[in-house]
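Please consult the sequence and the structure below alongside the text.

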Amino acid sequence: MPPRKPTGLIVGLCLGAAAVLVLGVVAIVSLNRGSGPSNAGYQAAPPSPTSAYELPPTSGSSTASSTPTSPSDSPSTSASAGPHKVLKLADHPILQDRNAGLQNLACNLPPWTSTQGGAEAFFTAASKCLDAAWGPFLESYNLPFTPPALHFPTGPSFDTECGTIQVGIATAAYYCENNLYVPFKGLQTDQYGNNPGVYLALFAHEYGHHVQEVAGIMDAAWQKIYAAGQNSPEGLDMSRRKELQAQCFSGMFLGAHVDRGGTVTRDMYNKAWNDQETRGDNTSRSHDHGTNAHYAQWWRAGAKDNRIADCNTFAASASDVS
């Protein structure tokens, strides 16, 4: 682990983002401003999901408010203060309004093709949809939203401010310093095939860590992790809470965009729904992401109702984030 970078208050931010598809190992390592990296990988289960569950045609798509909602009396939304992060967790302003969610929008993505160019086109379009979904929401809370920069490494390794990253079966995506890296060779498309919904959920999970970074949630979480120790019970608990929240944010995005006139179809949504059960600590034999059951539980909580208050993993009981 590289040393943390001082920034006045030494705020360690690190994003560990994992989004494994149906086979193999997908490790997503994330790093936020002023932090050291956290290895956040997990392995996929065997080819068939542990259970096949598909939402009824009338379920799962969200009925979110037409516009994001934020509490007007919150100090963090004061116009005079200007956009700024809010270093809070369970009591963060974005998590307080029971009616707040992403706008229901059409997202138009190119057809998935398992090529370098096809993947670049797909994720570039997906990034624009995610920007359009999360940008206005975060800005309505006076948070300093900026989109992450996208990169598509093609070599056996690539350099980031977090270090040199080797591309392999353990690297499907990497986040560092507001940059999202998606090496095509790490996606293992020869095994995962034509499953754009699964790829989209993976990407939306990674983007969810960027949402946490912009909001200030990641800063607050990593302050506690570093204070407790990354491998301590308290540190691992906090790591699971931030990972499971990114899962919930990913579900929110797909729930807000399925069946809205774009190309996010019910089939894509259902396959992403089913895929969540194949990921988590049961598969990877780690303790920093949450069990496979909780990985599915929190993604589906976001997908079903598209309410950000349902993603408050930091207020959840320990038994719901184990």
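## Overall composition

The protein chain contains 8 helices and 7 strands, where helices (H or I, at least four residues) and strands (E, at least two) are DSSP runs numbered from the N terminus. The model is predicted: local features need pLDDT of at least 70, side-chain atom pairs count only at pLDDT 80 or more, and totals for chains, interfaces and linings use all residues. Residues are numbered from 1 along each chain as its sequence is written, and side-chain values use heavy atoms, with hydrogens and water left out.

Of the 322 residues, 60% count as buried (under 20% relative accessible area, with exposed being over 50% and partly exposed in between; 1.4 Å probe, protein chains only). The chain exposes about 11,900 Å², of which carbon and sulfur atoms supply 54%; accessible areas come from the Shrake-Rupley method with a 1.4 Å probe. Among contacts (heavy atoms within 4.5 Å) with a separation of 6 or more, 71% join residues 24 or more positions apart.

## Helices α6 and α8

Two packed helices are described by the angle between their axes and the distance between the axes. The axes of α6 (residues 266-275) and α8 (residues 292-305) come within 9 Å and cross at roughly 155°. Axes are lines fitted to C-alpha atoms, for helices over the stretch in contact, and angles run from 0 to 180 degrees between N-to-C directions. Helices α6 and α8 are therefore roughly antiparallel (over 145 degrees; under 35 is roughly parallel, 65 to 115 roughly perpendicular and the rest oblique).

On the α6 side, Y269, A272, W273 and N274 meet W299, R300, A303 and K304 of α8. These residues divide into 5 nonpolar, 1 polar and 2 charged, with Ala, Val, Leu, Ile, Met, Phe, Trp, Tyr, Cys and Pro counted as nonpolar, Asp, Glu, Lys and Arg as charged, and the others, Gly among them, as polar.

## Helices α3 and α4

Helix α3 (residues 196-215) and helix α4 (residues 217-228) have axes that come within 4 Å and cross at roughly 85°, so α3 is roughly perpendicular to α4. H209, Q212, E213 and A215 in α3 meet I217, M218 and D219 in α4. This contact has 3 nonpolar, 2 polar and 2 charged residues.

## Residue L180

Strand β7 (residues 179-181) includes L180, which counts as buried because its relative accessibility is 0%. Leaving aside neighbours within four places in sequence, L180 is in contact with P148, A149, L150, H151, Y174, Y175, F203, E206 and Y207. The C-alpha atoms of L180 and F152 lie 8.6 Å apart in space, and the two residues are 28 residues apart in sequence.
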